[in-house]
Amino acid sequence: MRRVAKFEKVSFEQFYKDYVKVFEGVSIEVVQDVYDRIVLPKRATRGSCGYDFFMPYDLELKANEEALIPTGIRVRMDEEYVLLLYPRSSLGFKYRLQLNNTVGVIDADYYGAKNEGHVFARVLNDSRSDKVVSLKQGDGFMQGIFMMYGITVDDDVNDERIGGIGSTSRKSD
């Protein structure tokens, strides 16, 4: 199996900045505790293609509620690969837990973005039967799969990413 990537934590400074945007008024000690408990994504078995991403803190979502999750994770990968993010199959099956953008796409150059390539997930409990999703710190909630991709023979793009999420469609960040 070819090794194409390495997961890392973003710096504490970046995590703190992003975390307090989601959870206003939280103390630096609380954020440090969450940061210290972040677990890097990993496969559950030798035959797994998906790398499980783990909750950095406890989260409960009632039916039709959504949450933005700063994972504290970034990924360095070979240029010809992309990381595709999906909800864990069991959570989708049991609760209809979904990623709001259906599939997260992490490009190789996102690693060098202004936000250190911090991977976020926005999840939605799309339960049609009022089920509550309770995720505990350390629970797997989404999975990432590395895929090789190609480009067209007449592709001549030379622009480089500057910003973070959604920045490739903007000329300046």
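The legends below describe close-up views of a predicted model. Residues are numbered from 1 along each chain as its sequence is written, and side-chain values use heavy atoms, with hydrogens and water left out. Because the model is predicted, local features need pLDDT of at least 70 and side-chain atom pairs count only at pLDDT 80 or more, while totals for chains, interfaces and linings use all residues.

View 1. Helices (H or I, at least four residues) and strands (E, at least two) are DSSP runs, numbered from the N terminus. Along the sequence the pattern reads β-α-α-β-β-β-β-β-α-β-β-β-β-β. The C-alpha atoms fill a box of roughly 50 × 35 × 30 Å, taken along the principal axes. Of the 173 residues, 42% count as buried, where buried means under 20% relative accessible area, exposed over 50%, and partly exposed in between (1.4 Å probe, protein chains only). Among contacts (heavy atoms within 4.5 Å) with a separation of 6 or more, 74% join residues 24 or more positions apart.

**View 2. Helix α1 spans residues 12–22 and has buried residues.** These buried residues are Phe12, Gln14, Phe15, Asp18 and Tyr19. They lie on the same side of α1, because they cover an arc of only 155 degrees around the axis; the arc is that of the directions from the helix axis to the C-beta atoms. On the other side of α1, Glu13 and Lys21 are exposed. The cover over the buried residues of α1 includes α2 (28–36), β4 (66–70) and β9 (120–125).

**View 3. The largest nonpolar core holds 38 residues.** Such a core is a set of buried Ala, Val, Leu, Ile, Met, Phe, Trp, Tyr and Cys residues joined through side-chain atoms within 4.5 Å. Phe53, Leu83, Val123 and Phe141 touch the most other members. Leaving aside residues up to four places away in sequence, Phe141 touches residues including Phe53, Met55, Ile69, Pro87, Arg88, Leu97 and Val123.

**View 4. Asn64 has a positive phi in a residue other than glycine.** Its phi is near 70 degrees. Asn64 sits in the loop between β3 (59–61) and β4. At 57% relative accessibility, Asn64 counts as exposed.

**View 5. Asp130 also has a positive phi, in a residue other than glycine.** The value for Asp130 is near 60 degrees. Asp130 is found in the loop between β9 and β10 (133–135). With a relative accessible area of 65%, Asp130 is exposed.
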